[in-house]
Amino acid sequence: MKNIYSWQKEAWRRLAQDVQGSRRSSVHALLLRGRKGLGKLAFGRYLAKSRLCENPSAEGEACQTCASCRWFEQGSHPDYRLIEPEAMSGSPDDNREDGSSDIGPGSTPGSVSGATTESSNAKSRKKPSKQISVAQIRDLADFINISSHQNGYKIILLHPAETMNAAAANALLKNLEEPPPRTLFILVTHHAQYLLPTIRSRCLQVAMPVPDPATAIAWLKQQGIKDPETCLASAGYAPLSALEFNDDDYLERHGDFIEQISVLAELSPIALAEALQKSDLSTVVNWLQKWCYDLMSFRTTGKVRYHLDRLAAIELLAPGIEPRSLATYSRTLAGAQLLASHPLNTRLFLEELLFSYVAALSPASPSSQVEA
Ligand SMILES: [Zn+2]
């Protein structure tokens, strides 16, 4: 990824004005916020690269050719650190919002993951952490305190910022309260509401734009996506997430899932939970959330947002639904999404969600459901 996405140009211009125009050199921290799949990480990286560039353009964009730009692309820039949960540093597709086409495993510049911290080494064989640890934030002190190689900025990109645990967030807060000179923190978050208010208030917040569908579809076509309209809708209009839907394996798994939950009489929560126990839970909960959104939407407005290709199944299911119990279930799913990154038992977690799904969709005659 050598540039920002076309739908981000305006945000770039505004940010350049905000930060440079008014000479607000007091900006020590930026918060790039917006939902997953909009390209926030790429924007943050490009911002870092441009700030470090020796010959930026008038618009503040990286020249792509100076030594600094080359270091950045090689992943060896001495004045840049990317802080991510250990679980993300090795697996680009896992929860990386950017579909990772621009970032390969291990190729992230100056990546500091939990893998290098003492706490995770001590507990080897443990699952890689999905949180940003306090050790990762404390390790930054050395980086911040030595002078930069080029007498310029030092930049720290945290992604996704909401994965900082409480101790990490407090350690970061100290840095934001007494910002080190010529250091810029860029926080990228899919869920700004989960960040400490004291962290949010110390950042210049940038709401990252969602492209209009035509722009997103044009971009997806350029990426060689076969059915961009369906992929984009399935991904909730976040273009980078839509790329995942073009993956045959992913499409098949998602398609199977929807097919199974479409026919209540044949759905076996136990069998489905078992089949899904190796899946990313957050993804499965998200599938359920979108499906329930569409059921509700169809019930109330006759329209769907995500499952354009499943109208027939939705038409069959929706009339029998009691909106209030579906709304309650949707709240359950929102709560489950918070727990999905660290459930105690994956299979039980899924079983419970699927049993509640069946109950929520068939409240009228639970006894006949049992007989069937
Ligand atoms: Zn450059």
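Here are legends for several close-up views of this protein, which is a predicted model.

**Figure 1. The whole protein, before we zoom in.**
Start with a quick count: the protein has 19 helices and six strands. Of its 372 residues, 48% are buried. Now think about who touches whom. Take the contacts with a separation of 6 or more: residues 24 or more positions apart account for 72% of them.

**Figure 2. Four cysteines hold a zinc ion.**
Which residues coordinate the zinc ion? They are C53, C63, C66 and C69, each through its SG atom, at 2.3 to 2.4 Å. Read along the sequence, these donor residues follow the spacing C-x9-C-x2-C-x2-C. The site is tetrahedral, and the angles among its four donor atoms run from 101 to 118°. Are C63 and C66 buried or partly exposed? C66 has 6% relative accessibility, so it counts as buried. C63 comes out at 23%, so it counts as partly exposed; the cut-off for buried is under 20%.

**Figure 3. Q64, a residue with a positive phi.**
Stay in this stretch of the chain and look at Q64, in the loop between α2 (40-52) and α3 (67-74). Its phi is positive, about 75°, although Q64 is not a glycine. With 25% relative accessibility, Q64 counts as partly exposed.

First up is P160, which sits in the loop between β4 (154-158) and α8 (166-177). The peptide bond that leads from H159 to P160 is cis, and its omega is near -20°. Next comes R182, in the loop between α8 and β5 (183-189). R182 is not a glycine, yet its phi has a positive value, near 50°. R182 has a relative accessible area of 49%, so it is partly exposed; exposed would need over 50%.

**Figure 4. The largest nonpolar core, and another one.**
In soluble globular proteins, nonpolar side chains tend to be buried together. Here the largest nonpolar core has 50 residues. Which of them touch the most other members? Those are F257, I261, L295, Y357 and L361. Helix α15 (residues 281-301) gives the most to this core: nine residues. Another core lies apart from it, with 28 residues, including I4, A11, L47 and F72. Back in the largest core, pick out L361. Leaving out residues up to four places away in sequence, L361 touches L264, L295, L317, G320, I321 and L326.

**Figure 5. Helices α15 and α18, packed together.**
Two packed helices are described by the angle between their axes and the distance between the axes. For α15 and helix α18 (residues 346-361), the angle is about 5° and the axes are 11 Å apart. That is why α15 is described as roughly parallel to α18; the cut-off for this label is under 35 degrees. Which residues make the contact? From α15 come L281, V284, V285, L288, W291, C292 and L295. From α18 come T346, F349, L350, L353, Y357 and L361.

**Figure 6. H307, tucked into a loop.**
H307 belongs to the loop between α15 and α16 (311-317). Is H307 buried or exposed? Its relative accessible area is 3%, so H307 is buried. Setting aside neighbours within four places in sequence, H307 is in contact with H254, I258, K290, W291, D294 and I314. Look at K290 in that list: H307 and K290 are 17 residues apart in sequence, and their C-alpha atoms are 8.2 Å apart in space.

P269 is part of helix α14 (residues 269-275), while R253 is part of helix α13 (residues 248-262). P269 has a relative accessible area of 7%, so it is buried. R253 is at 37%, so it counts as partly exposed. Not counting residues up to four places away in sequence, P269 touches E351, L354, F355 and V358. P269 and L354 are 85 residues apart in sequence, but 5.2 Å apart in space, C-alpha to C-alpha. By the same rule for neighbours, R253 touches S279 and W287. R253 and L276 are 23 residues apart in sequence, with 9.3 Å between their C-alpha atoms.

Definitions and conventions. Residues numbered from 1 in each chain as written. Predicted model: local features only at pLDDT ≥ 70, side-chain atom pairs only at ≥ 80, totals over all residues. Heavy atoms only, no water. Helix = DSSP H or I, 4+ residues; strand = E, 2+ residues; numbered from the N terminus. Buried < 20%, exposed > 50% of the residue type's maximum accessible area, 1.4 Å probe, protein only. Contact = heavy atoms within 4.5 Å. Core = buried A, V, L, I, M, F, W, Y, C linked by side-chain atoms within 4.5 Å. Donors = N, O, S within 2.8 Å, 3.2 Å for Na, K, Ca; no water. Tetrahedral: all angles 85-135°; square planar, octahedral: opposite > 155°, others 65-115°. Axes fitted to C-alpha atoms, helices over the stretch in contact; angles between N-to-C directions. Parallel < 35°, antiparallel > 145°, perpendicular 65-115°, else oblique.
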